[in-house]
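Have a look at the model first, then read on.

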Amino acid sequence: MPFVITGATDGIGKEYAKELAKQGLNVVLISRTKEKLVAVTGEIENSYKVKTKWIVADFSKGKEIYEHIRQELTGIPVSILVNNVGRMYDYPDELCKQPENLLWDIININVGAVTLMSRLLIPEMKKQGKGAIVNISSGSELQPMPLMAVYAASKRYIKSLTLAMAQELSEYNIVVQCVTPMFLVTKMNQYSATIMKGNLLIPQVQTFTRSAVFTLGKTVETTGYWSHVITGATDGIGKEYAKELAKQGLNVVLISRTKEKLVAVTGEIENSYKVKTKWIVADFSKGKEIYEHIRQELTGIPVSILVNNVGRMYDYPDELCKQPENLLWDIININVGAVTLMSRLLIPEMKKQGKGAIVNISSGSELQPMPLMAVYAASKRYIKSLTLAMAQELSEYNIVVQCVTPMFLVTKMNQYSATIMKGNLLIPQVQTFTRSAVFTLGKTVETTGYWSHVITGATDGIGRGYAKELAKRGLNIVLISRSKEKLIATANEIENLYKTKTKWIVADFSKGKEIYKHIKQELLGIPVGILVNNVGRMYDYPDELCNQPEDLLWEIININIGAVTFMSRLVIPDMKKQRKGAIVNISSGTELQPAPLVAAYAATKSYIRSLSLAMECELHEYNITVQCVVPGFVVTKMNQFSESLQQSSFFSPPAETYTRWAVFTLGKTKETTGYWTHAIAYCLIKLFPEWLRIRVGHFLSKQLRTEYLITQAKRKIM
């Protein structure tokens, strides 16, 4: 049976075509250049003796191309779809400096193609009772990326969409995989001569693709290539980090002193998660002598994540002078030496890659000096200090450095205490801790209090609530929405209640690119201090991606992704001139995990969070606050498909109540759920692993869909 590949004439797409053709599969190539398509199909037919077909399609054109593709694929029983086509910035730079047409290309290609191509082919795969969809994301989705904000956020959308689709389609025997490559030698990176040279950490695209294709059918997520190193990896936190990261499809290098345990743990990980492993025997208590051996063992392995977990504790609490001299040297060599020298070893290659992450495991004992555990606690304080300094040193290289500070856990390190080893609500099992660990460094966001603010989607729900709450504080307001009547009514209400100035702009964000010139003209001369990107579009009711109308999916993309991107791009230049401003982007609790039956909607909200955090970093030096608000259920018209969600409750407040709380957080935090019960729910939800959250979300969405369909059936009878 044949497979379809988008963006098939260069880079990853071309190599996927060749690798799959090697296995005897016929191929349909889709790209925008006829000459390249003819050349590549000829090469594949001559080399692998398979049938080929090519389709000329420029995905940057958006909605108009899919009927042509549909017609061309009629009668072809597609078994594999590789959504590879993508568009990158021409070079890294701030959002507001990127050409508008380029941003639309990125949205139509990176977001639109993966969504609409999947929607097009899923129905036939369901009829066949099998199939596979491979969505090519990027390592840029691992964290928001300043200077590549929209590109990285589009790749985060792909990951969220993929994991939701995987859950939606599992019952139909359709495999959905997210491939997350790091830097590769491809034309997409030709802006950088350094990347195009390639090295041990930046493989040729052929090498990468051979490894990536091997993972198809074995894991839902993969980087397609080697990935992370963990020290102290055979017990406790280290072992659980290895397992949690392996669940995400990341290959793993484990370092510990006991060969037998290393063999056992790597075997367990390979069998459970179908990833590659490597183990290195190294006793960090030996100090300086071991690092050359580790360096040699890691040669040729492009490490993207280092988890410095290995640690040594007192055998039991006691005075410094009573501790054995050898034990103190062990603590220094392991707790201090390992985090320092392992970081030093791997940072140079991460800097060449232009990205990476280092997670340093400290301890709650660093919070204050600890008599009877003096050296251990001081070593953990060293880790905290080192981590924060490294974070500053390495920020310009896009290397994330995070300090994790656990309190008491049930691990072998605490086996001197029977009380600790029993565990309780405050002393979790190490598996529970690791699943729920959040690796972010907090930062306070400043407020502006500037005179005027703009709100999109301003006539209902959260948008209207924000308008009123900010107007209470004496701020003038510009309301943007598609309904002139509602805008006039809302503007009059605000002027009468709060004695502030208002202006309204009629704009339908579902129309895409064409509306922003009008908005820009309307905002001329208005010094905008706050932008609230609230406008959003939801499914009419929960259902599978392939069952959603094509026009609705384009509305969701243009409204949820287009508006937050282009409204931000529009106001940022003047905020930078003013050296102050605030942008509030309204996401949704659905971004906490991929959400089957609302897959595209949830993925757009994941895009918003990624974009927000990247923008926050890009704009911090200009004193511009960027905040991401992640509400749970709120009683708004967006949830009107469900009568149960329209009833206010402890966890589902009215929009007015919600926004009173949310506005209070502006200037205090870069991320917020906006409401205290939502914060409780957020923390509880994050305690559970993502795979479980996806399944529970799938179940709840099915319940909501059933409720909607029953209600509609009753209305027809009446």
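1. Rings of Phe, Tyr and Trp (its six-membered ring) pair if their centres lie within 6.5 Å; planes under 30 degrees apart are stacked, over 60 edge-to-face, and the rest tilted. With that rule, the structure holds eight aromatic pairs. Keep in mind that this is a predicted model, where local features need pLDDT of at least 70, side-chain atom pairs count only at pLDDT 80 or more, and totals for chains, interfaces and linings use all residues. Residues are numbered from 1 along each chain as its sequence is written, and side-chain values use heavy atoms, with hydrogens and water left out.

2. Tyr516 and Phe566 make a tilted pair, 5.6 Å centre to centre with 45 degrees between the planes. Tyr516 sits in helix α17 (516-522) and Phe566 in helix α18 (550-578), so the contact ties together parts 50 residues apart in sequence (helices are DSSP runs of H or I, at least four residues, and strands runs of E, at least two, numbered from the N terminus). Tyr516 is buried at 4% relative accessibility, and Phe566 is buried at 3% (buried is under 20% relative accessible area, exposed over 50%, partly exposed in between; 1.4 Å probe, protein chains only).

3. Tyr541 and Tyr708 are stacked: 4.3 Å between centres, 15 degrees between planes. Tyr541 is in the loop between β17 (528-533) and α18, and Tyr708 in helix α22 (690-717), so this pair links parts 167 residues apart in sequence.

4. Ring pairs also join Trp104, Phe509, Tyr516 and Phe566 into a cluster.

5. How many disulfides (cysteine sulfur pairs within 2.5 Å) are there? The count is zero.

Technical notes: Disulfide = S-S within 2.5 Å.
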